[in-house]
Amino acid sequence: MFETLKPMPPDAILGIMTLFRADKDPGKIDLSVGVYQDEQGLTPVLASVKRAEKAIIEAQDSKTYVAIAGNAGFNSGIAELLYGKDHPALKGGRVATVQTPGGSGGLSVAGHLLARSKPNARVYVSDPSWPNHIPLLKMSGLELETYPYYDYAHHRVDFDAMVGKLDKAKAGEIVLIHGCCHNPCGADLSREQWEALTQLCERRGLVPFIDLAYQGLSEGLEEDAYGARLMASRLPEVVVVSSCSKNLGLYRERVGAASFVSATPEASKLVLANASNVARGIYSMPPDHGAAIVSYILHDAGLRAQWVKELEEMRGRLNGLRKLLVDKLAARKTPIDFSFIAKERGMFSFLGITKEQVIRLRDEFHIYMVESSRVNIAGINHSNVDTVADAIAAVLK
Ligand SMILES: Cc1ncc(COP(=O)(O)O)c(C=O)c1O
């Protein structure tokens, strides 16, 4: 029966990774992968994670299941991180949070819960967006549509076009919003735009579905939750999905959460029971190890402070590299003004060069990026930034 299956198109990023591995040039540079890298090009285990991991392994005396909704300490710690501990929705018993296998698992649980609450519900997804948003949410039976988000010509959020589309959405429809560090464009909503979007959701009865996969990597843990907190304080129903892949470097441990703000504590209980039931039907129980690490870190003042510092270093490196790259490109008097890169946040930005120029960078200069010209800023370091800037300037001549 398997012969009936259709061939799958190769994953664009995995294809570039294969080309990169096959390149024998010792000076090759990979700006395509979607993980954080340090100055040495490594994605290390955080010191705070190592310490928590040691303590957990020492103390662990059973590998029995934890719970369908996961680790309770993790769920409470993540909810506080998302909303702030004095948030009215949290204090009012209107938040239900379940641990999930990564942010992807969180999107899936949330997607199924939304589809169960409102069959054939429509979700508006930003164009562009993380390439897995649409296939992943399609699997939960939601109807998907895009809204314009990025103005490629001016390298900024096309807020008028976004609002123009969403202002035609119907009550009860859902808007998927990147909470910070937009993947792939790096252009985030300003506080004024969050305010306007909250008013729009209020006016039209839309439900925000916020993907906060990079909390702490833009401006700070509190600052990056600004939009999610604002919407959760003003709107009756909000969904927030978070991930510990990037901000704690726990990629392979698969740690994330789906968190739901409901209009009443009674509705919140229904949400928790149904989100647990959805999880039971997909994967039964979430993995424990990564969530146990996060819970340990969040509830231990010393480890938490160490993690916050490590996160600050990652963020500082990303924002510093953005500025450095802009300065290096400006010094080469490129025909494109790249100053927008320093205003964008997180790991990604579009350079805004053509596909042909991206291919030249790969074939002639051994610099690899996605064909859309999306680069992972963390792939740059102080040793390769001049090579990168020289090559970009050369293909723009
Ligand atoms: C915007 C966005 N959401 C969700 C995820 C999923 O992350 P996870 O690895 O935790 O499943 C990613 C990962 O790259 C992402 O960029």
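Domain bounds here come from an automatic or database domain assignment. On that basis the protein is divided into domain 1, which covers 10-45 + 316-396, and domain 2, which covers 65-299. The model is a predicted one, in which local features need pLDDT of at least 70 and side-chain atom pairs count only at pLDDT 80 or more, while totals for chains, interfaces and linings use all residues. Residues are numbered from 1 along each chain as its sequence is written, and side-chain values use heavy atoms, with hydrogens and water left out.

## Where the two domains meet

The C-alpha centres of domain 1 and domain 2 lie 29 Å apart. Taking contact to mean heavy atoms within 4.5 Å, 17 residues of domain 1 are in contact with 17 residues of domain 2. Buried area is the accessible area, found with a 1.4 Å probe, that two parts lose on being put together, summed over both; for domain 1 and domain 2 this is about 1300 Å², with 60% of it on carbon and sulfur atoms. On the side of domain 1, R345, F348 and F350 lose the most area to domain 2, and together they make up 41% of what that side buries.

A salt bridge is counted when a side-chain nitrogen of Lys or Arg is within 4 Å of a carboxyl oxygen of Asp or Glu, and by this rule one salt bridge is found across the interface of domain 1 and domain 2. A polar contact is a pair of N or O atoms within 3.5 Å; within protein, one must be able to donate a hydrogen and the other to accept it, and residues adjacent in sequence count only if both atoms are side-chain atoms. Across the interface of domain 1 and domain 2, seven residue pairs are in polar contact, with both residues at pLDDT 80 or more.

Helices (H or I, at least four residues) and strands (E, at least two) are DSSP runs, numbered from the N terminus. In these terms, α13 (301-331) and β11 (348-350) each supply at least two residues of the side of domain 1 that touches domain 2, and the largest share of that side, three residues, comes from β11. The residues of this side divide into eight nonpolar, six polar and three charged, where Ala, Val, Leu, Ile, Met, Phe, Trp, Tyr, Cys and Pro count as nonpolar, Asp, Glu, Lys and Arg as charged, and the others, Gly among them, as polar.

## Salt bridges

Side chains of opposite charge can pair when their charged atoms come close. By the rule given above, the count comes to 21 salt bridges, and the table gives some of them.

| Salt bridge | N to O distance |
|---|---|
| E219 and R345 | 2.8 Å |
| E39 and R317 | 3.0 Å |
| R122 and E173 | 3.8 Å |
| R360 and E364 | 2.8 Å |

The salt bridge of E39 and R317 links distant parts of the chain, with E39 in the loop between β1 (29-30) and α2 (47-59) and R317 in helix α13, 278 residues apart. For accessibility, buried means under 20% relative accessible area, exposed over 50%, and partly exposed in between (1.4 Å probe, protein chains only). E39 is partly exposed at 25%, whereas R317 is buried at 14%.

In the salt bridge of R122 and E173, R122 lies in strand β3 and E173 in the loop between α7 (159-166) and β7, so the pair ties together parts that are 51 residues apart in sequence. E173 is buried, with a relative accessibility of 8%. R122 and E173 also belong to a network of salt bridges that includes E143, E145 and K165.

R360 and E364 are four residues apart in helix α15 (residues 355-365), and they are therefore separated by about one helical turn. R360 is partly exposed at 32%, and E364 is partly exposed at 44%.

## Backbone details

Most residues other than glycine have a negative phi, and most peptide bonds are trans. The peptide bond from D127 to P128, however, is cis, with omega near 5 degrees, and P128 is found in the loop between β3 (122-127) and α6 (133-138). A cis peptide bond also joins N183 and P184, with omega about 20 degrees, and P184 is in the loop between β7 (174-178) and α8 (191-204).

H155, although not a glycine, has a positive phi of about 55 degrees; H155 is in the loop between β5 (150-151) and β6 (156-157) and is buried, with a relative accessible area of 18%. S284, which is not a glycine either, has a positive phi of about 70 degrees; S284 lies in the loop between α11 (265-282) and α12 (289-298) and is partly exposed, with a relative accessible area of 23%.
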